[in-house]
Amino acid sequence: TVVVFYNSIQDLISLKTDPTDGLLVFDNVDDVRAKGVEVEMEGKWHGGHEGRISYTMQEAENEETGRPIENSPKHLIKLNLIGALLREKVFFGIEEQYTSKRKTISGSFADAFFITNLTVYTRNIFKTLEISGSVYNVFDEKYDDPGDEALFQDTIEQDGRTFRLKLTYAF
C-alpha cells in the first residue's frame, strides 16, 4: 500500500502564553500543513505467521513561520512479525519501531530512537479466556520525548523496560 497525504489544519488548538498575565492558555492560533508518504507491505503465511513493515516520511510545518512543528518526526519505521508457537493457540510477536529526531519547544531536538517490544499471547485456549504477556522497550533504550510550554523540561525521559500481563475473560 502506498498513501500520499496532505493535511491543512486551521486554528489548531495550541498552548500559548497570554501576554496580559503571563499564564498559559489554550487557544486556536496555529495553522499547520503536513504532507508526506506512507508505504506499507503486509504478508500472511500458512500456519498463522504474519509480517508487516511500514515507512512514513512527513513534513509538518507551521504555515505562518514555515518552520517544522514540535514533536513531529520526519521518519517513522515499524516492523511487526507474528509467529505461531502452537498452531492457532499460542503466538509470539516482535515489534521494532524507529522514530527520527523531533524538534522541541526550545528549538533543539529530541534524539532519534529504536524501540523493540515482545509479546506472547493466546487465542482459543479456552473459549472465553485470552492471556498475553509483553515486554516493552526490551533493550531498555534511553530516549526522551519533547515537552511543551507547561513543563520546565525541554525533553522528558520516557520509561525504560516495562512489563504487562493481561488476562481477558468474556462471559
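Two strands are said to pair when DSSP finds at least two bridges between them, and by that criterion β3 and β4 pair in the antiparallel sense, over eight bridges. The legends below describe a predicted model.

**Figure 1. The whole chain, an arrangement of twelve strands and zero helices.** From the N terminus onward, the elements follow one another as β-β-β-β-β-β-β-β-β-β-β-β. The radius of gyration of the chain is 21 Å, well over the 16 Å that the globule rule gives for 171 residues, so the chain is more spread out than a compact globule. Taken along the principal axes, the box filled by the C-alpha atoms is roughly 65 × 35 × 35 Å. Of the 171 residues, 25% count as buried, and the chain exposes about 11700 Å², of which carbon and sulfur atoms supply 56%. Among contacts with a separation of 6 or more, 46% are made by residues 24 or more positions apart. The chain carries 19 positive and 29 negative side chains, and the centres of these two sets lie 10 Å apart.

**Figure 2. Ser14 in strand β1, which spans residues 2-17.** With a relative accessibility of 10%, Ser14 counts as buried. Leaving aside residues up to four places away in sequence, Ser14 touches Val25, Phe26, Asp27, Val29 and Asp30.

**Figure 3. The hairpin of β2 and β3, with three residues between the strands.** Strand β2 (residues 24-45) runs antiparallel to β3, and 14 bridges join the two. In the turn of this hairpin, Gly47 has a positive phi of about 90°. Met41 has Ile53 of β3 as its bridge partner, and Met41 is also among the residues that Ile53 touches, the others being Val39, Glu40, Lys78 and Leu79, when residues up to four places away in sequence are not counted. Ile53 is partly exposed, with a relative accessible area of 38%. The C-alpha atoms of Ile53 and Glu42, which are eleven residues apart along the chain, are separated by 6.6 Å.

**Figure 4. Ser54 and the pairing of β3 with β4.** Ser54 has its place in strand β3, which covers residues 49-62, and with a relative accessibility of 10% it counts as buried. When residues up to four places away in sequence are left out, Ser54 touches Glu38, Val39 and Glu40 as well as Leu76, Ile77 and Lys78. Further along, Met57 has His75 of β4 as its bridge partner, within the antiparallel pairing of β3 and β4 that extends over eight bridges.

**Figure 5. Asn71 in the loop between β3 and β4 (75-86).** Most residues other than glycine have a negative phi. Asn71, by contrast, is a residue other than glycine with a positive phi, near 55°. Its relative accessible area is 39%, and Asn71 is therefore partly exposed, a class that lies between the limits of 20% and 50%.

**Figure 6. Strand β8 (residues 113-122), largely enclosed by the rest of the structure.** Seven of the ten residues of β8 are buried, so the strand is largely enclosed by the rest of the structure. Strand β5 (residues 90-99) pairs with β8 in the antiparallel sense over ten bridges, and the bridge partner of Thr99 in β8 is Phe113. Strand β9 (residues 129-136) also runs antiparallel to β8, and four bridges join these two strands. In that pairing, Val120 stands opposite Gly133 of β9.

**Figure 7. Two asparagines with positive phi, Asn124 and Asn137.** The hairpin of β8 and β9 has six residues between the strands, and in this hairpin Asn124 takes a positive phi near 60°. Asn137 has its place in the loop between β9 and β10 (144-146), and although it is not a glycine, Asn137 has a positive phi of about 55°. The relative accessible area of Asn137 is 4%, and the residue is therefore buried, the limit for that class being under 20%.

Note on methods
Residues numbered from 1 in each chain as written. Predicted model: local features only at pLDDT ≥ 70, side-chain atom pairs only at ≥ 80, totals over all residues. Heavy atoms only, no water. Rg over C-alpha atoms; globule rule 2.2 N^0.38 Å. Buried < 20%, exposed > 50% of the residue type's maximum accessible area, 1.4 Å probe, protein only. Contact = heavy atoms within 4.5 Å. Areas by Shrake-Rupley, 256 points an atom, 1.4 Å probe, with all protein chains shown as cover. Lys, Arg positive; Asp, Glu negative; His and termini not counted. Charge placed at Lys NZ, Arg CZ, Asp CG, Glu CD.
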